[in-house]
Amino acid sequence: MMDNFREEVVVRRKNGLYNLLYMLSWAVLVLSVIMAMIALQGFLMMVMSGSFDLINLAVLVVFGGLAFLIWRNKDQLRAEYEYTFTNGELDVAKVLNNQKRKYLTCLNMKNVEAAGAVNTPAFQRYLSMKDVKKHNWFLNREAKLYYYFFTKNQVRHLMVVELSDEMVELTKKPNYMNYGVWQG
């Protein structure tokens, strides 16, 4: 028997604005660190002299917190999704700035209860369900998007991904996905 394997990496097609925001975040990060360091120096001088200045402490907390938040989240601006299909299992991972890989899920096609294109009425039905954990694991809204509805660990999930036509055809194969699951 031949193995079915396909790997795809989805990148943002229109990323000019995101590159600009990434550079801007670095500039704001550097300025925030400088401001926090100046505020820390002023705060320490005040403490050494025996007085207390609430303004320096507030500036230190605000700019230090801003620098921390930017540092933690700047790589989200350079995100990619990696989809790997191997013999009936779809692995999804998020790659941040080509450095950090975050594993999101492994979905066995036999566990899929419904699947199809997001521009079908069936998708709207699953989207409006309560108690469904929704996962938008795509970057380009204008691309062909597909949904997979499944239950994992007693939690219902609705996953929207940006797969190529070849990958979709692999997931739809009858020996991987149950009959009647594909709805569009």
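Let's start with threonine 105, which sits in strand β4. This is a predicted model, and in it threonine 105 has a relative accessibility of 5%, so it counts as buried, the cut-off being under 20%. Its side chain still finds a polar partner: it makes a polar contact with the side chain of lysine 152, at 3.0 Å.

What else is threonine 105 in contact with, once neighbours within four places in sequence are set aside? The list is Leu90, Asp91, Val92, Trp137, Lys152 and Met159.

## The four-stranded sheet

Strand β4 belongs to an open sheet of four strands, ordered β1-β2-β3-β4 and paired antiparallel. The edges are taken by β1 (5–10) and β4 (100–108); each has a single partner strand, so one side of each has no neighbour in the sheet. On average, neighbouring strands here are turned by 15° against each other, ignoring direction.

At the β1 end, six bridges tie β1 to β2 (residues 79–86), and the two run antiparallel. If you want a spot to look at, valine 10 stands opposite tyrosine 81 in β2.

Now for the inside. In soluble globular proteins, nonpolar side chains tend to be buried together. The largest nonpolar core in this model has 37 residues, and those touching the most other members are Tyr83, Met109, Tyr147, Tyr148 and Met159. Strand β7 gives the most, with five residues.

Not counting residues up to four places away in sequence, methionine 109 touches Phe85, Gly88, Leu90, Tyr148, Thr171, Tyr176 and Met177. Leu90 turns up among the contacts of threonine 105 as well.

## A closer look at tyrosine 147

Is tyrosine 147 buried or exposed? Its relative accessibility is 0%, so it counts as buried.

Tyrosine 147 has a polar side to its story too: its side chain makes a polar contact with the side chain of glutamine 183, at 3.3 Å. And how far is tyrosine 147 from leucine 158? They are 11 residues apart in sequence and 6.7 Å apart in space, C-alpha to C-alpha.

Definitions and conventions:
Residues numbered from 1 in each chain as written. Predicted model: local features only at pLDDT ≥ 70, side-chain atom pairs only at ≥ 80, totals over all residues. Heavy atoms only, no water. Pairing = 2+ DSSP bridges. Axes fitted to C-alpha atoms, helices over the stretch in contact; angles between N-to-C directions. Core = buried A, V, L, I, M, F, W, Y, C linked by side-chain atoms within 4.5 Å. Buried < 20%, exposed > 50% of the residue type's maximum accessible area, 1.4 Å probe, protein only. Contact = heavy atoms within 4.5 Å. Polar contact = N/O pair within 3.5 Å; in protein donor to acceptor, adjacent residues only side chain to side chain.
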